[in-house]
Amino acid sequence: MSSSDLALPMIRTARTRRPRSLDDHRDRLLLLMVLPAVLLIAVLVAYPLYVMADIALHDVKLFQVMQHVDRPATLRNFERVLSDPRVGQALQVSALYVAGTTALAFLWGLATALLLNRPFRGRRLVRIAIVSPWAVASVVASLVWMFLLDAQAGIVMHALTAAGLLDQPINLLMSPVWALVTVVLVSAWKGYPFFTIMLLAGLQAVPQDSLDAARVDGAGGIRRFFWVTLPSLRPVIAVSVSLSLLSAFREVETIMVLTGGGPARTTETLALSIYNRTFQYFEVGRASALGVIVFAISLLLVLASLRTFLPKEAQR
C-alpha cells in the first residue's frame with residue numbers, strides 16, 4: 001500500500017472534522033451574541049418576577065414593602081385572593097374581555113390586511129388611516145371615545161337615534177349590559193392595526209407559485225385563501241395572537257378611563273383589580289399574589305395559542 005493511499009483517509013477525516021469545528025465556533029458566537037439580551041431579560045423580567053413572588057408571600061401594605069423581609073413567609077395572601085368572590089368575577093370579566101378584544105381585533109386586522117394587500121389608487125392614504133389608531137395613546141383614544149359615546153352630546157348616540165335604532169340616547173358606559181361590550185369594541189379598535197401590520201407582512205410572504213398552482217387546479221379565491229394563504233399565515237397568527245392576548249390581559253388604561261371598572265365591577269378585569277388593590281387599598285401583598293396568578297394564566301394562554309396556531313414542524 002502506497003503512502004498516498006494512507007494519506008487519503010487522513011485528508012477525508014480532516015475534511016469531515018473541519019465543519020464540526022466551524023459549527024461549534026458559530027454556535028459559541030451565536031451564544032455570545034444572545035447573551036446581552038438574556039442578561040437584559042434577567043434584569044428587567046426575571047428579577048421583578050422574583051420580587052413580586054417574594055412580596056406575595058408576605059402580608060404587607062404598600063408603605064411596608066421594605067419591611068416584608070422581617071415577616072414570616074406564608075400562603076395567606078393566595079388563600080385570601082382565591083377565596084375572594086371579586087377575584088372570580090374579575091376572572092370572568094377578563095376572559096370575556098380578552099377573548100372578545102383579541103377575536104375582533106384579529107378579524108378586523110385580517111380584513112384590512114387583505115384589503116391593503118391588493119393594489120388600488122390611494123392605498124398609501126388608506127394604509128395610514130388604518131394604522132393610525134395604533135399610534136394614538138390609549139388614554140387619548142379612550143377620552144375621544146368617551147366624548148363620542150356621551151349620551152347627551154356624543155355623535156354616536158345622535159347618529160343611532162337619528163337612524164331610528166334607538167328611541168332615546170343611553171349611556172353605554174354606565175349600563176351593566178353594554179359597558180363591557182363597549183369597552184371591548186374600543187379596545188379592538190385600538191389594537192386591530194397591530195394585526196393589520198403583522199398579517200400584511202405575512203400575506204406579502206405567501207409563495208406566489210403556490211397560489212398560481214392552486215389557481216391552475218381550479219381553486220377559487222375562497223379555496224385559495226383557506227388552502228394556501230391561511231396555512232402560510234399560521235406562524236404569523238401564532239405570534240400576533242400570543243402578543244395580543246398578553247396585551248389585552250394586562251390592559252388597564254382603556255378600562256380605567258372609560259368606566260373605571262364599573263358599573264358594579266362589570267368591567268373590572270384582573271389587571272385593574274391588581275391596580276386597585278395596590279393603589280387604592282394599599283394591599284400590595286395580595287396584589288402581588290394576584291399578579292403571580294395572572295402571570296401563570298398569561299403563560300398558559302401563550303403556550304395554548306402557540307400550540308394551536310403554530311405548525312407542528314415549528315413546535316419541535
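Which residue forms a salt bridge with D59? In the predicted model described here, the partner is R80, and the closest N and O atoms of the two side chains are 3.0 Å apart. D59 lies in the loop between helix 1 and helix 2 and R80 in helix 2, so the pair ties together parts that are 21 residues apart in sequence. A salt bridge is defined as a side-chain nitrogen of Lys or Arg within 4 Å of a carboxyl oxygen of Asp or Glu.

Residues are numbered from 1 along each chain as its sequence is written, and side-chain values use heavy atoms, with hydrogens and water left out. As the model is predicted, local features need pLDDT of at least 70 and side-chain atom pairs count only at pLDDT 80 or more, whereas totals for chains, interfaces and linings use all residues. The pLDDT is the predictor's confidence in each residue, from 0 to 100. The protein averages a pLDDT of 84, and 89% of the residues score at least 70. Over residues 6–18 the pLDDT is below 50, and this stretch has 1 contact in the model beyond near neighbours in sequence. A contact means heavy atoms within 4.5 Å.

The secondary structure consists of 14 helices and 0 strands. Helices (H or I, at least four residues) and strands (E, at least two) are DSSP runs, numbered from the N terminus. Among contacts with a separation of 6 or more, 67% join residues 24 or more positions apart. Of the 316 residues in the protein, 34% are buried. Here, buried means under 20% relative accessible area, exposed over 50%, and partly exposed in between (1.4 Å probe, protein chains only). The accessible surface amounts to about 19,900 Å², of which 66% belongs to carbon and sulfur atoms. Accessible areas come from the Shrake-Rupley method with a 1.4 Å probe, and for residues only the protein chains shown count as cover.

The largest nonpolar core contains 47 residues, and those with the most contacts inside it are Y97, L199, L270 and L290. Two or more residues each are given to this core by helix 2 (76–82), helix 3 (85–116), helix 7 (179–204), helix 10 (234–249), helix 11 (253–258), helix 12 (270–279) and helix 13 (284–309). Apart from this core lies another of 5 residues, among them V206, A214, A219 and V228. A nonpolar core is a set of buried Ala, Val, Leu, Ile, Met, Phe, Trp, Tyr and Cys residues joined through side-chain atoms within 4.5 Å. When neighbours within four places in sequence are left aside, L199 is in contact with F106, G109, L110, A113, L233, V236 and I237.

Helix 7 also holds I197, which is partly exposed, with a relative accessible area of 36%. I197 touches V131 and W134, residues up to four places away in sequence not being counted. The C-alpha atoms of I197 and R127 are 9.6 Å apart in space, although the two residues are 70 residues apart in sequence.

R277 is buried, with a relative accessible area of 5%, and D84 counts as buried at 14%. The side chain of R277 also meets that of E283 in a salt bridge (3.4 Å, N to O), and both R277 and E283 are buried. A network of salt bridges links D84, R86, R277, E283 and R286.

The loop between helix 12 and helix 13 contains Q280, which counts as partly exposed at 48% relative accessibility. Q280 and L62 are 218 residues apart in sequence, with a C-alpha to C-alpha distance of 9.9 Å.
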